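Here are my notes from going through this model, written as numbered points. Have the structure open while you read, and look up each spot as it comes.

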Amino acid sequence: MTTTAPTDVRPDPPDPSVDRSLTEFGYRQELHRSLGRYASFAAGFSFISVLTTVFQFFAFGYAFGGPVFFWAWPAVLIGQLLVAACFAELAARYPISGAIYQWSSRLSNLTFGWFAGWIMVIGQIVVVGAAALALQVVMPAIWSGFQLVGDDPSPVSASGAANAAVLGVLLLALTTLVNVLDNRVMSLINRVGVTAEIIGAVLIVVLLFTHSERTPGITFHTGTALESGLTGALLVGSFTAAYVMIGFDSAGEMSEETHNPRRTAPRTILTALASAGLLGGLIILAGLLAAPSLTDGRLGVEGLSYVLTSSLGDGVGRALLVDVVVAIAVATLAIQTAASRMLFSMARDGQLPYSARLAKVNPRTGMPSAPALVVGVLAAALLLLNFASPEAFLAIGTTCIVMLYLAYAMVTGPLLIRRLKGTFTADGTDETGKPLFSLGRWGIPVNALALLYGLFMTVNLAWPRAAVYDPAGGHWYFQWFTVLFLAVTVGGGVLYRAVRARRDALGSLVERDE
């Protein structure tokens, strides 16, 4: 199994061009290396999953920003492409599972990297639950029989929130099963699902554009925007884009299971984000243009499901919504897989409770089964919050975005410091003998802008806006939910490391006495 460096500093291999195996990083190959270029692309694209997240958060963006919220989309896409470019360099340099944890700890030190991985994996677990909740936005619109609890399908109603939790738990049971079967089965489902999602997304864009009711000029209208005006509308409207365009690092997360990862992962990280960003932006624009009405209140509550069934007719609309259900299922599977690899990577270094069990790989399936079970159970438990209060739906979704944005900044920050010191290079060649992906002289400006963007969005998303997080009033804990959750996560990490350090110190004393 393996090991971390004996100190808190994790040195780079002396020459990455010499040894292409994991042994240069101190690991042995245990996960099955069976993923090709399209499977690597699918890992990143399915985590982003434009159909899942755009359908889940379109209504929220429109309710707070009006049509102008569309312009937050290209702004967030540009910012995330800056981050993805930095990640592409790191994926070429460090093709290891547990990407955020591995990258951060090797760019800074093991302690800092541990907290980046800790925040990231908790955020990923929350994302798994939030993705599973998206079924509620779509399935009752396909058939009322999917409303198993109560009769109000709105995700923010008591019965809608409870039903979302029930559907989500059922989906998590299915994705957990797939995640313990075999990585080839998981990859096949992922590739088929992504292909179906891309085809469905293109059909939705084409059909909605052919049913346009207005011109693109409508995107300059604030409509029902916040009282703070255009700036406030764009800042809150950016939540939709911010939630969609995360997880592109999953291609790096699956590096140990990918053929030629130094060459493949950097390109699929950028391709997954760029293609998802383009498709998502077109879906939002097409939805705004084809909506039967922008003022009847339904667009800010029912979102794109309302547009599809109203503009395209129940038959075509519901058929396309079935494709959205497939996308949601595949997205939940992909996110759970990424979280499992993060747990596996940290446990392999002995950095988590029950590390020996979490780091065990089934030699037949090539899958770390225990992490998949842990992620599935914790995500399902998190969904129980939806029974307590409908506001938990938004709180859960926003919390996971903030966690991932902060974890990303904990990579781009140390990377920028290394660049400024001149101690980071992307020299060397990939598995085909070609130079590793590198930003070259653009590295420092791109990295600096990526870090500034990430920190700005973290603050923007976490800002305790009462109108967003506690619209009904009287629930201060929902208004501060994201900040409190992050504080508990960091505090829990500090406590665990303190207890562990004391235990290790006592163990050393006992060994000395003996």
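Is the crossing of α1 and α11 left-handed or right-handed? Point 2 has the reply.

1. First, some ground rules. You're looking at a predicted model, where local features need pLDDT of at least 70 and side-chain atom pairs count only at pLDDT 80 or more, while totals for chains, interfaces and linings use all residues. Residues are numbered from 1 along each chain as its sequence is written, and side-chain values use heavy atoms, with hydrogens and water left out.

2. Let's start with helix packing. Two packed helices are described by the angle between their axes and the distance between the axes. Helix α1 (residues 37-48) and helix α11 (residues 261-290) have axes that come within 8 Å and cross at roughly 45 degrees. (Axes are lines fitted to C-alpha atoms, for helices over the stretch in contact, and angles run from 0 to 180 degrees between N-to-C directions; helices are DSSP runs of H or I, at least four residues, numbered from the N terminus.) The crossing of α1 and α11 is right-handed, meaning that the near helix is turned clockwise from the far one by less than a right angle, with anticlockwise giving left-handed. The α1 side of the contact is made by R37, S40, F41, G44, F45 and I48, and the α11 residues taking part include T264, A265, T268 and L279. Contact here means heavy atoms within 4.5 Å.

3. What do we call the arrangement of α1 and α11? They are oblique to each other. Angles under 35 degrees count as roughly parallel, over 145 as roughly antiparallel, 65 to 115 as roughly perpendicular and the rest as oblique.

4. Helix α14 (residues 313-348) packs with helix α6 (residues 135-142) at an angle of about 150 degrees, and their axes are 9 Å apart. This crossing of α6 and α14 is left-handed. On the α6 side you'll find L135, V138, M139, A141 and I142, which meet R318, L321, V322, V324, V325 and I328 in α14.

5. Helix α14 also packs with helix α16 (residues 369-383), with axes 8 Å apart and an angle of about 120 degrees. So α14 and α16 are oblique to each other, and their crossing is right-handed. Here Q336, A339, S340, L343 and F344 of α14 meet P371, A372, V374, V375 and G376 of α16.

6. Stay on α14 and find A331, which is in this helix. A331 is buried, with a relative accessible area of 1%. (Buried means under 20% relative accessible area, exposed over 50%, partly exposed in between, using a 1.4 Å probe and protein chains only.) Leaving aside neighbours within four places in sequence, A331 is in contact with S46, S49 and T52.

7. Most residues other than glycine have a negative phi, and most peptide bonds are trans. S49 has a positive phi of about 45 degrees although it is not a glycine. S49 lies in the loop between α1 and α2 (50-65) and counts as buried, at 0% relative accessibility.

8. Which kind of phi does Y354 have, positive or negative? Y354 has a positive phi too, about 55 degrees, and it is not a glycine. Y354 is in the loop between α14 and α15 (355-358) and, at 72% relative accessibility, counts as exposed.

9. Now the rings. A search of the whole structure finds 24 aromatic pairs. (Rings of Phe, Tyr and Trp, its six-membered ring, pair if their centres lie within 6.5 Å; planes under 30 degrees apart count as stacked, over 60 as edge-to-face and the rest as tilted.) W114 and F115 have ring centres 5.0 Å apart and planes at 85 degrees, so this pair is edge-to-face. W114 is buried, with a relative accessible area of 0%, and F115 is buried as well, at 17%. Elsewhere, F57, F60, F64, F239, Y243 and Y469 form one aromatic cluster.

10. Last, a charge and a ring. The charged end of R348 sits over the ring of Y27, 3.9 Å from its centre. (That needs NZ of Lys or CZ of Arg within 6 Å of the ring centre and within 35 degrees of the ring normal.)

Conventions:
Helix = DSSP H or I, 4+ residues; strand = E, 2+ residues; numbered from the N terminus.
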